[in-house]
Amino acid sequence: MANDFFRILSTIIIKIVTITILLFAATITSNQWLNLDLLSIVPITIITLIGVMGIGFVIAGIAGITLVFKQVDHILQLFQFVIMAMTFIPITIAPFLKYVPFMFGLQLIRDIGISNVSIIDIPLSDLIFLILNSAIYLMIGLYLFKKCEKNAKQKGLFGHY
């Protein structure tokens, strides 16, 4: 379990660096400057990405156990398309999206970048909700992945790989 945690943490750090570089490049090319309060954005991004990792574990588990979907890249492209579409919908328009793993964190980051809100200005209840949401999705993802992995090992599906 500790190995999984450090693997997730290192992946999150790499993603944050990549996102920061892309965001900075986008602000330069569009000449639209956002509030880049890293002390507010980084913690929310880390918490949000933890929930996304949980969804990744679910997808990896399903792909590993079934092996019916030998070309998982098609499923991942579908997920990416759905995720991209969802990122354009503010939670104020569709409040039920608050429960999707990354959407509430994205809304908080949107508020920080556009409305010049700081992490101190965000209600504690919103931060607690974000932490619980991400933790629940991570726990569900790890549980399902371990269950799928165990099942795949029992069926001998990993012998070829």
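Modeller: With 14 residues, α2 gives the most to the lining of the largest pocket. Helices here are DSSP runs (H or I, at least four residues), numbered from the N terminus. This is a predicted model, where local features need pLDDT of at least 70, side-chain atom pairs count only at pLDDT 80 or more, and totals for chains, interfaces and linings use all residues. Residues are numbered from 1 along each chain as its sequence is written, and side-chain values use heavy atoms, with hydrogens and water left out.

Colleague: Which elements give two or more residues to the lining of the largest pocket?

Modeller: Those are α1 (2-30), α2, α3 (72-87) and α4. A pocket is an open set of points on a 1 Å grid over the protein atoms alone where a 1.4 Å probe fits, with protein on both sides within 12 Å along at least five of seven lines; lining residues have an atom within 4 Å of a point.

Colleague: How much space lies in the largest pocket, and what lines it?

Modeller: About 1600 Å³. The lining has 47 residues, and Ile19, Thr48, Leu49, Val52 and Phe102 lie nearest the centre. By class, 32 are nonpolar, 11 polar and 4 charged.

Colleague: Switching topic: which residues touch the most other members of the largest nonpolar core?

Modeller: Ile44, Met86, Leu97, Val100, Met103, Leu108 and Ile122, out of 15 residues in that core. A nonpolar core is a set of buried Ala, Val, Leu, Ile, Met, Phe, Trp, Tyr and Cys residues joined through side-chain atoms within 4.5 Å. The largest share of this core, 4 residues, comes from α4.

Colleague: What does Leu108 touch?

Modeller: Leaving out residues up to four places away in sequence, Leu108 touches Ile44, Ile122 and Leu130. Contact means heavy atoms within 4.5 Å. There is also a second, separate core of 8 residues, including Ile8, Leu49, Met53 and Leu138.

Colleague: And Asn133, buried or exposed?

Modeller: Asn133 counts as buried because its relative accessibility is 7%. The cut-offs are under 20% relative accessible area for buried, over 50% for exposed, and partly exposed in between (1.4 Å probe, protein chains only). Asn133 is in helix α5, and its side chain reaches the backbone oxygen of Lys98 at 3.3 Å.

Colleague: Where is Pro123 found?

Modeller: In the loop between α4 and α5. Pro123 is partly exposed, at 42% relative accessible area. Its C-alpha atom is separated by 25 Å from that of Met139, 16 residues apart along the chain.

Notes
Grid points are joined across faces, edges and corners, and a volume is the space filled by probe spheres set on the points. Ala, Val, Leu, Ile, Met, Phe, Trp, Tyr, Cys and Pro count as nonpolar, Asp, Glu, Lys and Arg as charged, and the others, Gly among them, as polar. A polar contact is a pair of N or O atoms within 3.5 Å; within protein, one must be able to donate a hydrogen and the other to accept it, and residues adjacent in sequence count only if both atoms are side-chain atoms.
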